[in-house]
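Welcome! Take a moment to look over the sequence and the 3D view before reading on.

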Amino acid sequence: MAEDGRDELLGTDGDSEPLVAGRSLRNKGVEQGCSLLRRMEICVAEAEKRSGRNTVNMQEIFTVYLIETRSMEAVSEGHNSAPDSLWRRYSEFELLRSYLIVTYPHVVVAPLPEKRAEFVWHKLSADNMDPDFVERRRVGLENFLVRVASHSVLSNDKILYHFLTEEHGWREVVYETGFQAKAESRLRALSATFRVRNTDKRFMDMKHYSDELQSHTSQLLRARARVADRLYGVFKVHGNYGRVFSEWSAIEKEMGDGLQSAGHHMDAYAASIDDILEEEEHYADQLKEYLSYAEALRAVCRKHELTQFELEMASQDLISKKQQREELATGIVRTFSFKGMTNKLFGQEAPEQREARLKLLEELIAEGEDTVKEKTVECQEHVERAWVDMQRFEEQKDKDLREALINYAVMQISMCKKGIQVWSNAKECFIKM
Amino acid sequence: MSGQTVPVDYSGHMLDLDEDEDLEVFSKAPVADGNPMPNSPSSMVNQFRLEEDEPQDVNAKDLFITVDNPESHITAIETFIMYRVLTKTTRSEFDSSEYEVHRRYQDFLWLRSRLEETHPTLIVHPLPEKFVMKGMVERFNDDFIHTRRKALHRFLNKISEHPILSYNQHFKVFLTAEELTSHRKQGPGFLSRMGETVRAVANTVRGLKSRPEEFAAMQEYVDDFSNKICTVDKVTQRIIKEEREYLDELKQYGPMYGQWAESEGNLAEPLKAVASCVERCGKETEEHAHHLSEVLVPTLHEYILCAETLKAVMRRRDHIQAEFEAKNEALASRKSEQEALQEEVDGLSDRMEGSNEALKGDWFRWKAGMRTDLKSAFVSSAEKNVDYYEKCLAVWESFLLSQRAESSDQQDGEDVS
């Protein structure tokens, strides 16, 4: 997960350890082109509850997130000036992302943290208002902004800049871009089935890979939740030892003290699982990010299929129009047409009519040729740009997920160390029995 | 009811007793031939007290018994398991220094009932149960036999460590006789136990005049202890169950990393490594659950049975007291036969005193043993837990090491290029 610059520079929140890859990701983002992140430090600092009326005029409670920005100059000069800030709610982030994926279809756009808690192990709250969920979402939103702002292409977007700097009127500006029309057609295209003749094999392989990534991450998340559930059970049962040892110690003379203190350690052991599993949710979040990324990757591949399809359609159309022109010009009917039929039945049309039709056709053909040129360029550009971005994505994914696995190991190690401590203590107590 | 103190015969013959008679066979001096220990109850108590303060010197142990080699025996009528009982000893009462005999579960039952009859208020270690309640498919599956054999071994060793019981003649016969069936008479032995139980229950229902304070305290302790130890056992079983379910999930979870690795390039190596780590931790979990089953559960189970034994011992003690009190009352109300009655009452009084002292002494002994056994089992379990976490720690640390080596390789590569 991209590390928030805040930890390093503001140094407020002490409980998250800077992750190696996070740091290097940030640096990498900064090096690539003139990314926004280089000029400006971004963080999602807080979350607050608000109430208001929604679109159907019903009272609702929602959470807003405080986005703080600060220019890098101010930071490096050591000015302790207050950052600029504004509040945004989740739906606005969604709108931003919608805009970005429509406007930059060749980019594998970073996903947002999940809308609803999924892959929940049973003791963890599935409630959107739960403070732990809100906190993890805050982190996820910050991660999204940092990723987007460090992307060489996306970081230059005006709408993004506006999102970060102007609280009011942003929605209207986004809608004015007219992206919504494109958004709808994109959605339709994503789910449509069409036959494409020539696709770039790399893209088809990538699409296949995105399916694999999605399947594996979701399976893993589900299994992990079940494991967490079971582990929770093992730890919590030890709490019963705590209780019975305490009761038992009351009837024993020599054994009493040892039993009593051992019981306390059993209680501590049982209680320790809550923090352990809460910590593990961060790992789950990292997996979830790439589960969502898989979808974004797939969309880029689908876009290729779409542009290729449109190109093929345009080429087909041009060819058939040219054929029609040839038939009109030479009078030889090679292909079936109603005109040809009616000509046969009702006699040839007048030369003036033919002229008019030829002229129209020429215009259409000229248009068609432009269209084909356009589509060819579109297709080619998409292939080139998307390929570059998919490479970037792949590198990022390898690094991030490897980092996530390392984090997972670190968590396991921490859990083992706690276990060693508790049971060593318990052993000492038992020895004193 | 015969009021005479019946001289106890320890040569292995059953006493000829009517079924109606009080079938408690007891003695003030529960010693076998040639026992060097003094006979009076008070000195017995001192003996016990000494043992509580000074732990029994291991070098003083002169009787070593093992139970092993369970073998299936199939006859026309039944199938049963024979266990080999090996004894090594330097005791002079034994003609030889080594014995090998074969015994079946029934033989152990016989031995224990003889010991209890001979010493009704001593705490005789329990035997493993006849049947296992919870849905056993085969009577003689390997786990069952393994558990039973261990418990039988424990039983004989506990008896051999007992300062009084280990000198019991029946015990010697059990360890040495080639054929036990001639020594076992199915008659009064079993019936006497049944009779005693019924009578003992009846007597406690009737209630005593007053239980001496120390025994009242003992009874209360036994009831509480029984509850607690049962609870600890339940909790332990539950932990094992939860751990096994956790292990089942791990077995599904781990391989998923490996499956994912198949569609990856650079990520394949760390993913496969994680899969391997999860698998190894799974193995450790399995071992841990196994250890709990092998060490802690049998010990807890033993002490659950001990608690029941203690309850029975207390009932028998109560019964002995009740008998004395009943006779004593009769003495007070009857005018005739005063002399004969007086004799009876004296006898019962002596018997009561003896039983009480025997129990008091054995009680300290038992408590010390319980403390040692349970402490050892808990310490061992705690150690196993530490061991488990240390092993898992090593697994994940080696993964981290491998990843850091990888990344430094990559960095070197980058520097070069």
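Which residue forms a salt bridge with A:E94? The partner is A:K115, and the closest N and O atoms of the pair are 3.0 Å apart. Here, a salt bridge is a side-chain nitrogen of Lys or Arg within 4 Å of a carboxyl oxygen of Asp or Glu.

Please keep in mind that this is a predicted model, where local features need pLDDT of at least 70 and side-chain atom pairs count only at pLDDT 80 or more, while totals for chains, interfaces and linings use all residues. Residues are numbered from 1 along each chain as its sequence is written, chains are lettered from A and ligands numbered from 1 in the order in which they are written, and side-chain values use heavy atoms, with hydrogens and water left out.

**The two chains**

- Chain A has 13 helices and three strands; helices (H or I, at least four residues) and strands (E, at least two) are DSSP runs, numbered from the N terminus.
- Chain B has eight helices and three strands, and from the N terminus its elements follow the order α-β-β-β-α-α-α-α-α-α-α.
- In chain A, 49% of the 433 residues count as buried, and in chain B, 48% of the 417 residues do. Buried means under 20% relative accessible area, exposed means over 50%, and partly exposed lies in between (1.4 Å probe, protein chains only).
- Among the contacts in chain A with a separation of 6 or more, 75% are made by residues 24 or more positions apart; a contact means heavy atoms within 4.5 Å.

**Salt bridges**

- Over all chains, the structure holds 61 salt bridges.
- A:E94 sits in helix α5 (residues 90-103) of chain A and A:K115 in the loop between α5 and α6 (131-149), so their bridge ties together parts that are 21 residues apart in sequence.
- A:E94 is partly exposed at 27% relative accessibility, and A:K115 is partly exposed at 36%.
- A:D398 forms a salt bridge with A:K397, with the closest N and O atoms 2.9 Å apart, and both of these residues are buried.
- In chain B, the side chains of B:K311 and B:E308 meet in a salt bridge (3.3 Å, N to O). They are separated by about one helical turn because they are three residues apart in helix α7 (residues 268-333).

**Two loop residues in chain A**

- A:T193 is found in the loop between α9 (179-191) and α10 (201-249), and it is exposed, with a relative accessible area of 77%.
- A:H168 belongs to the loop between α7 (158-165) and α8 (170-176) and is exposed at 67% relative accessibility.
- A:H168 and A:L86 are 82 residues apart in sequence, yet their C-alpha atoms are 9.1 Å apart in space.
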